[in-house]
Amino acid sequence: MKEIIGGPGTVSGLLLRIGQFVFAAASISVMTSAIGFSTYTSFCYLIASMGLQLLWSFGLACLDIYALRRKKDLQNPVLVSLFVVGDWVTAMLSLAAACSSAGVVVLYARDMNFCKIHPELPCSRYEISILLAFITWLQVSISSHVMFWILASV
């Protein structure tokens with residue numbers, strides 16, 4: 001079987017999963033360090049979505065480590081189809097959460113100037129957390145695209 005960059009059980013796949021894990025964790029930590037984030041539903045949804053992404057990426061990273069150490073091939077149709085569905089679900093949830101949170105920040109910071117009127121709001125932390133969530137989504141979308149092509153070739 002041809003090895004595809006970012007595929008399951010490869011070093012590049014492990015690095016992709018570690019990147020997803022790190023950026024999701026960073027997004028969660030920046031958002032939770034911002035005072036008052038829990039009063040906005042979209043920010044809570046972002047935390048929940050990034051938490052799910054954190055767990056999914058950690059589980060697949062552990063599976064990649066296992067496969068690399070034991071020299072196992074993870075490219076069978078059942079396993080790859082599970083990866084495809086999981087990556088698509090987490091990618092859609094991550095994108096929806098990042099977009100809804102970005103919409104709230106744009107409304108408050110740009111349209112209503114709410115962040116200038118109330119300087120106690122940590123709008124810059126909200127923006128950083130959302131940026132990290134978009135980077136997480138970008139990595140998950142790359143992973144789901146790779147998994148789809150692997151599934152098509154298995």
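With 54% relative accessibility, Val11 counts as exposed (the cut-offs for relative accessible area are under 20% for buried and over 50% for exposed, with partly exposed in between, using a 1.4 Å probe and protein chains only). What you are looking at is a predicted model, where local features need pLDDT of at least 70 and side-chain atom pairs count only at pLDDT 80 or more, while totals for chains, interfaces and linings use all residues. Residues are numbered from 1 along each chain as its sequence is written, and side-chain values use heavy atoms, with hydrogens and water left out.

**The overall picture**

- The chain has 5 helices and 0 strands (DSSP runs numbered from the N terminus: H or I of at least four residues for helices, E of at least two for strands).
- Starting at the N terminus, the elements read α-α-α-α-α.
- Along its principal axes, the C-alpha trace covers about 60 × 25 × 20 Å.
- Of the 154 residues in the chain, 44% are buried.
- Take the contacts (heavy atoms within 4.5 Å) between residues at least 6 apart in sequence: 79% of them join residues at least 24 apart.

**How H1 packs on H2**

- The axes of H1 and H2 come within 8 Å and cross at roughly 155° (axes are fitted to C-alpha atoms over the stretch in contact, and angles between N-to-C directions run from 0 to 180 degrees).
- That angle makes H1 roughly antiparallel to H2 (the label for angles over 145 degrees; under 35 is roughly parallel, 65 to 115 roughly perpendicular, and the rest oblique).
- H1 and H2 make a left-handed crossing (the near helix is turned anticlockwise from the far one by less than a right angle).
- Sorted by class, the contact of H1 with H2 has 18 nonpolar, 7 polar and 2 charged residues (Ala, Val, Leu, Ile, Met, Phe, Trp, Tyr, Cys and Pro are nonpolar; Asp, Glu, Lys and Arg are charged; the others, Gly among them, are polar).

**How H2 packs on H3**

- Helix H2 runs over residues 41–70 and helix H3 over residues 77–111, and the two pack at an angle of about 150° with their axes 9 Å apart.
- H2 and H3 are therefore roughly antiparallel to each other.
- Here too you can look at the handedness: H2 passes H3 in a left-handed crossing.
- The residues in the contact of H2 with H3 come out as 16 nonpolar, 8 polar and 1 charged.

**The salt bridges**

- The count of salt bridges is 2, using the rule of a side-chain nitrogen of Lys or Arg within 4 Å of a carboxyl oxygen of Asp or Glu.
- In one of them, the side chains of Arg17 and Asp87 meet at 2.9 Å, N to O.
- Arg17 belongs to helix H1 (residues 11–33) and Asp87 to helix H3, so this pair ties together parts that are 70 residues apart in sequence.
- Arg17 is buried, at 2% relative accessibility, and Asp87 is buried as well, at 0%.
- There is also a salt bridge between the side chains of Glu127 and Arg110, at 3.7 Å from N to O.
- This pair links distant parts of the chain, with Glu127 in helix H5 (residues 123–153) and Arg110 in helix H3, 17 residues apart.
- Glu127 is partly exposed, with a relative accessible area of 30%, whereas Arg110 is exposed, at 56%.

**A serine inside H3**

- Ser101 has its place in helix H3 and is buried, with a relative accessible area of 0%.
- Setting aside neighbours within four places in sequence, Ser101 is in contact with Ser42, Phe43, Leu46 and Ile130.

- Most residues other than glycine have a negative phi.
- Lys71 is not a glycine, yet its phi is positive, near 55°.
- You'll find Lys71 in the loop between H2 and H3, where it counts as exposed at 73% relative accessibility.
- Asn113 isn't a glycine either, and has a positive phi of about 55°.
- Asn113 sits in the loop between H3 and helix H4 (114–117), and is partly exposed with a relative accessible area of 34%.
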